[in-house]
Amino acid sequence: MDDLLREFITETNESLDVVDVELVKFEQEPNNATILDNIFRLVHTIKGTCGFLGLPRLEGIAHAAETLMGKFRDGAPVTQEAVSLILRSIDQIKDILGDLEAAEGQEPEGDDSELISELEAMSAKADAAMAGGGAAPAAAEKEPEESADIDLPDQSLDRPLRPGEVSLDELERAFRETEVEMDGDAGDAVAEAPEPEVVEAPAPAPAPKPASAVVKKPAPAKEEAAEKKDAEKKSGGSVSSQSIRVAVDTLEHLMTMVSELVLTRNQLLEIVRRHEDSEFKVPLQRLSNVTAELQEGVMATRMQPIGNAWQKLPRIVRDLSQELEKPIELEMIGADTELDRQVLEMIKDPLTHMVRNSADHGLEMPAARRAAGKPDKGTITLAAYHEGGHIIIEVRDDGKGLDVDKIKEKALDRGLATEAELDKMSDAQIHKFIFAAGFSTAAAITSVSGRGVGMDVVRNNIEVIGGTVDLRSVAGKGSSFIIKIPLTLAIVSTLIVEASGDRFAIPQLSVVELVRVQSNSEHRIERIKDTPVLRLRNKLLPLVHLSHLLGIAEEGHTEDNIETDNGFIVVMQVGSQTFGVVVDGVFHTEEIVVKPMSSMLRNLTMFSGNTILGDGSVIMIIDPNGVASAMASHASSAVTEQSEEAEEIHRKADSSQSAISLLLFRAGAPEPKAVPLSLVTRLEEFEVSKIERSNGRDLVQYRGALMPLVYINEGDHHKTEGTQPMLVFSDSGRSMGLVVDEIVDIVEERMNIEVGSERLGVLGSAIIKERATEIIDLGYYLPQAFEDWFMRKEMDIQALTKKVLFVDDSSFFRNMLTPVLKAAGYDVTTCNGAKHALEVLEDGYKFHAVVSDIEMPEMNGFEFCEALRRDPRFRHMPVLALSSLITPASIERGRQAGFDDYVAKFDRPGLIAALKDVFSGEMGAAA
Amino acid sequence: MSVLEDNFKASGDSIQYVTVVIGGQLFGLPISQVHDVFVPESVTRVPLSAPEVAGVLNLRGRIVTAIDMRRRLHLPPLKEAQMMAVGIEYKHESYGLVIDTVGEVLTLSSNSAEPNPSNLDKRWAEISGGVHRLDGKLMVILDVDRLLGAMFTEPMAAA
């Protein structure tokens, strides 16, 4: 394809875009001669150039369209159909141009006669309207070529000027002037003959001949010579002479070179910094300044006003407005806001889509608008402005806002959320569903939107360039989408981190914060199974070590690091996902120029590119999106969506995370100790003098019986004077007093035993009120008082390793019995319902026994047990029923359902004994 | 370069080769394809890349993907010795072939080249464009297109 043709295509495309916009404007103000003149001139140039380049199809259409526009200039009424028809012709021309480009300059085969004849018919109609249906049709029937020439001088002649319609003469003059200008360029001075004729010609007399001669003859010559200048003029007017066209590649290359220069300068500065009295210092300073300015300048060449991305929108809105029969006004604010060309390209489509969406489902029909007390005409507002290093683009409509109920329905339909989850969500959270894949609330699929490939694609496109999209919607008032995108993709601020001895750059855009972790600081890495998590401001953050993610973990090395829990956590946010990436070290931030990776490495989703750092070494740039998706597959269970609900579910599934009441006390040592409050029968204080000694142990008389006193540490003594506080544990008429130094507090906390204990009498340590606290193992102390209490000792060994799933819909009983089971040495996981329990079991968590409530909503305990028995995996798992309702009938029903035992809810020792029974039975069977 | 190209054209059926040694074996690269010979320094590892990819490095402001030829040819890594690299261009991108040493430039007649012996290791045969018989040794012609092309089509094994 030769350069001339290529240039023609580029220019024509630009002109056509302008024509689009102008035509829409023209339709609204049919009397605005300047607009019409502009359009006419553009189409005319296209026609002329096509003829010159030997493109008959294009020429034919352009010509017919020009003819029709000529009629408008002659005063024919501007109708919507006529404008639509011209717009269609413009589209056709665009299509042909596209094919032309694809076919390397070969005009595609095709037949436009239909379109042309429509245009001609429309011209004829226009003539008819103009001349009152007289002789006009005859003129329109003529060969297009001729009709145009004849029509040209017709302007303003057929009828007297309407009042206020001063424009036609002006318009014609303007038109002529441009032509004259062109002619001047071509060095072929055209007589100004037509001018006076047109201006002075009396209304009725058409003067076809001289005019056509003038127009027709010079055309080819003028266009040949004036090709380029002409082209520049048409798009830019007076500005054109101050700008030149430069190939994008050239600019890209320039940009790369400048980036290199910047990097080299940085290197030099680094060197000079090391040598104090360098004579290079001053010149380098100058070089540095010049480089900075150069960089800025080159960057500026890449910047384009966002209006370029909006150019097509007026036309789209106009078409939509007609198609949907809604009057729509498009308001554009801040069209001159500049942003990087590359970014501009990337947001074009998402923007178009969003505007379509607003027009189609955002705005109501005029009748509905009137009913809502709004003007008939809906408004879509596009606004762009700078904010920090970002550009904010807002697409706003004053329509009905998002329909929360419809979205809910759809979300349920698609299985994106359950009803219960939806009920808990705020409207804003529900709105976010429209960004989910395959989500569309338009009831019917229209040609405009509603195909369900919408907003998720929009969001993806925006996220690809490091942007975010947010949504605000008020029912009845309208909705607005807020897009936040970086100004440029060329230079990225990154955080340089280290993992396993290698350095990596993480784009700062996705870095939310940095957390320093140390095993003794308040931020510690904790683990659920083997999944590391971080507790960060009441949220659980899934963690992954960068070395593991990249598969560069050196044996032992990073394991150590994770084990010792020292390092930095880079908290990253990608879309709605937040997660922590553990790195060995964090260096500094650096502005880098992203260079594409070699195509051999482009399959690595974990990196978005690479670059050369100031010190000359190459560094790989981490792609946050890649990490996010790897995170999802790496540890799918650990990825939390931002919503509280999702977290809630996790919390429930995580063993023993629900809060229980704990009694804090001190005994034998200054460290706090804790025991579940539900196990404590009473807090008592005795006069020291009441403590008696008998049979080698301390006793007090308590409620008519002797109560043995037990000390936390063997050999401890009670106080020698005053009163002695103690915790009284009672069961089946027996009581025991645990001697303590001081009762500190009662707190609601999660009892999360994080560090197990080898020491007798201590179950382990947990964080309670931000302090490490020992959880007392009552099972150790009770037998000290009465040796047969529970027969605890033998049970310990078996029980410690047993995992029990405890199902109860009442949080009261969960809180009450969980500590009981825990204190008895079982590892307890709680579920708030049978369904949840089945999910947990389905997820592959292994349990040795299930304790289930009977009276539960949705699925009761009997059904739950039957469901378990049907599954071969759970057929032999011991299942205990727990019920406040104990009747022979219900016990029989429980036996039929497959329960191994049936225990009353308040019978705590009974529960422990029953569990012990099922396990010992199991042991027996196994042995 | 232009002189060399002229030579190349003038000599008609003789081709100039840059010889390199990889694991004791002499290889030849057509000189028209060799852009630089350099010492690979501060190579940055690329995690998850194909095992043959030694990493990326900065060669005069360009990022070059270094390919460990020993690994590509399934040879044991070279221990404790200065490696060399040959810079080539493939599909408008720069690559560095990391080799043991660079030898002299040889002008060889194309008709002294022989096809690969049929019993040559498959992994070698796929990147060899033939063999030249020299005095006392054989020189394997490295076919750059096949060498790099194969790395694009091969499923990338995560390292």
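Among contacts (heavy atoms within 4.5 Å) in chain A between residues at least 6 apart in sequence, 66% join residues at least 24 apart. In chain B, 58% of the contacts with a separation of 6 or more are between residues 24 or more positions apart. A word on how to read these values: this is a predicted model, in which local features need pLDDT of at least 70 and side-chain atom pairs count only at pLDDT 80 or more, while totals for chains, interfaces and linings use all residues. Residues are numbered from 1 along each chain as its sequence is written, chains are lettered from A and ligands numbered from 1 in the order in which they are written, and side-chain values use heavy atoms, with hydrogens and water left out.

**The two chains**

Chain A has 32 helices and 35 strands; helices (H or I, at least four residues) and strands (E, at least two) are DSSP runs, numbered from the N terminus. Of its 927 residues, 50% are buried, where buried means under 20% relative accessible area, exposed over 50%, and partly exposed in between (1.4 Å probe, protein chains only). Chain B holds four helices and 11 strands, and buried residues make up 45% of its 159 residues.

**Where chain A meets chain B**

Let's turn to the interface. Here 27 residues of chain A are in contact with 21 residues of chain B. Together the chains bury about 1,900 Å², with 66% of it on carbon and sulfur atoms; this buried area is the accessible area (1.4 Å probe) that two parts lose on being put together, summed over both. A:M600, A:L601 and A:V618 supply 33% of the area that chain A buries against chain B, more than any other three residues.

The interface has one salt bridge, meaning a side-chain nitrogen of Lys or Arg within 4 Å of a carboxyl oxygen of Asp or Glu. In it, the side chains of B:R45 and A:D502 meet at 2.8 Å, N to O.

On the side of chain A that touches chain B, the elements giving two or more residues are strand 9 (502-507), strand 17 (607-612) and strand 18 (618-622). Strand 17 gives the most, with four residues. By class, this side has 14 nonpolar, eight polar and five charged residues. In this scheme Ala, Val, Leu, Ile, Met, Phe, Trp, Tyr, Cys and Pro count as nonpolar, Asp, Glu, Lys and Arg as charged, and the others, Gly among them, as polar.

Over all chains the count comes to 26 salt bridges.

| Side-chain pair | Distance, N to O |
|---|---|
| A:K312 and A:D17 | 3.6 Å |
| A:R666 and A:E742 | 3.4 Å |
| A:E866 and A:R893 | 3.2 Å |

A:K312 lies in the loop between helix 14 (307-310) and helix 15 (313-324) and A:D17 in helix 1 (residues 3-28), so the pair ties together parts that are 295 residues apart in sequence. A:K312 is partly exposed at 41% relative accessibility, whereas A:D17 is buried at 13%. For the next pair, A:R666 sits in strand 19 (residues 659-666) and A:E742 in strand 27 (residues 742-750), 76 residues apart. A:R666 is partly exposed, at 25%, and A:E742 is partly exposed as well, at 38%.

**A loop in chain B**

The loop between strand 3 (34-38) and strand 4 (53-59) of chain B contains B:S42, a residue other than glycine with a positive phi near 40°. B:S42 is exposed, at 52% relative accessibility. B:L48 is found in the loop between strand 3 and strand 4 too, and has a positive phi of about 70° although it is not a glycine. B:L48 is partly exposed, with a relative accessible area of 21%.
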